[in-house]
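Dear colleague,

Please find below the structure that I am handing over to you, with its sequence. My notes on what was found in it follow directly after.

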Amino acid sequence: MAVQINPSILSADFARLAEETKAVEGADWLHVDVMDNHFVPNLTLGVPVVESLARATETPLDCHLMIENADRWAPQYVEAGAGSVTFHAEAAAAPVRLAREIRAKGARASMALKPATPIEPYEDLLPELDMVLIMTVEPGFGGQSFLDIMLPKIRRTRELITKHGLELWLQVDGGVSASTIERCADAGADVFVAGSAVYGAEDPAEAVRALRAQARSATATAAWACAH
Ligand SMILES: O=C(CO)[C@@H](O)[C@H](O)COP(=O)(O)O
Ligand SMILES: [Co+2]
């Protein structure tokens with residue numbers, strides 16, 4: 001099973017974003033946290049910055065929208081150049097219509113769940129998606145501690161993906177580091193967002209390689225992956 005490591009530029013230096021994208025060359029995707037100070041109590045960046053980032057790097061952009069009114073805004077991030085757009089289930093009025101619109105515009109469609117939102121009500125939506133994001137912290141800030149009470153939700157989500165024979169990716173985001181990534185991989189995650197663990201490291205590109213190696217070896221012995 002392929003694993004992917006997506007550094008979050010939330011932990012990068014926002015005054016040097018173009019250079020910071022180069023510091024993680026070799027990463028699978030660049031994770032871009034969009035926050036509107038309404039859905040979460042923090043404000044980051046919007047469409048114009050995503051347009052500039054898309055021009056500045058060849059690494060595809062994985063935009064994580066922590067914003068209200070996702071139905072209105074998410075398609076604009078595809079137009080801005082994102083290769084994957086994640087909206088929050090809690091912020092989308094019509095998630096099926098939105099996922100179809102994102103795909104029709106040419107990007108991967110992904111849905112995120114806050115820690116208190118269960119996956120089960122969304123089981124029937126999974127075929128409409130390319131990725132599910134299980135938040136392993138409360139969204140809003142980098143550098144928080146990993147919530148290991150989310151591991152059962154990661155396992156249940158992986159079981160649903162397997163049960164329906166789907167190809168969708170399972171992303172985890174929040175507190176993912178050398179000390180937590182193996183538990184996430186063992187539970188069923190295959191796409192790992194890491195902000196402080198990558199940009200806080202002396203050599204961010206080396207941190208990406210090390211996290212990938214750890215995730216790969218944990219996946220190799222994980223029951224969910226061996227059953228494939
Ligand atoms: O979406 C978010 C936070 O809301 C994340 O993408 C963080 O940016 C991850 O940062 P670390 O927890 O890895 O430092
Ligand atoms: Co994020």
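The largest nonpolar core of this predicted model comprises 77 residues, and Leu65, Val85 and Phe192 have the most contacts inside it. Strand β6 (residues 131-135) supplies the largest share of this core, namely 5 residues.

The next point concerns ligand 1. There are 23 residues around ligand 1, of which Ser8, Leu10, Gly142, Gly195 and Ser196 come nearest. Two or more residues of this shell are given by each of the elements β2 (30-35), β3 (61-66), β8 (191-194) and α7 (196-199). Sorted by class, the shell around ligand 1 consists of 12 polar, 9 nonpolar and 2 charged residues.

I turn now to the annotated positions. In an unreviewed entry, UniProt places the feature "active site" at Asp33 and Asp173. These two positions are spread over 141 residues of sequence, yet they cluster in space, with a largest C-alpha distance of 10.6 Å.

Asp33 is found in strand β2. Not counting residues up to four places away in sequence, Asp33 touches Ser8, Leu10, Thr44, His64 and Met66.

Asp173 has its place in strand β7 (residues 169-173). With 27 other C-beta atoms within 10 Å, Asp173 is likewise buried. Its contacts, again without residues up to four places away in sequence, are His64, Leu133, Met135, Thr136 and Val193.

Finally, two backbone angles deserve a mention. Asn37, a residue other than glycine, has a positive phi, near 65 degrees. Asn37 is placed in the loop between β2 and α2 (47-56), and it is partly exposed, with 13 other C-beta atoms within 10 Å. Asn69 is not a glycine either, and its phi is positive at about 55 degrees. The loop between β3 and α3 (70-79) holds Asn69, which is partly exposed, with 15 other C-beta atoms within 10 Å.

With kind regards

How values were computed. Residues are numbered from 1 along each chain as its sequence is written. Chains are lettered from A and ligands numbered from 1 in the order in which they are written. This is a predicted model: local features need pLDDT of at least 70, side-chain atom pairs count only at pLDDT 80 or more; totals for chains, interfaces and linings use all residues. A residue is near a molecule or strand if its C-beta atom, placed from the backbone, lies within 6 Å of it. Helices (H or I, at least four residues) and strands (E, at least two) are DSSP runs, numbered from the N terminus. Ala, Val, Leu, Ile, Met, Phe, Trp, Tyr, Cys and Pro count as nonpolar, Asp, Glu, Lys and Arg as charged, and the others, Gly among them, as polar. UniProt positions are given in the numbering used here, feature names are shortened, and annotations may be inferred rather than shown by experiment. Two residues are in contact if their C-beta atoms, placed from the backbone, lie within 7 Å. A residue is buried if 20 or more other C-beta atoms lie within 10 Å of its own, exposed if 12 or fewer, and partly exposed in between; C-beta atoms are placed from the backbone. A nonpolar core is a set of buried Ala, Val, Leu, Ile, Met, Phe, Trp, Tyr and Cys residues joined through C-beta atoms within 7 Å.
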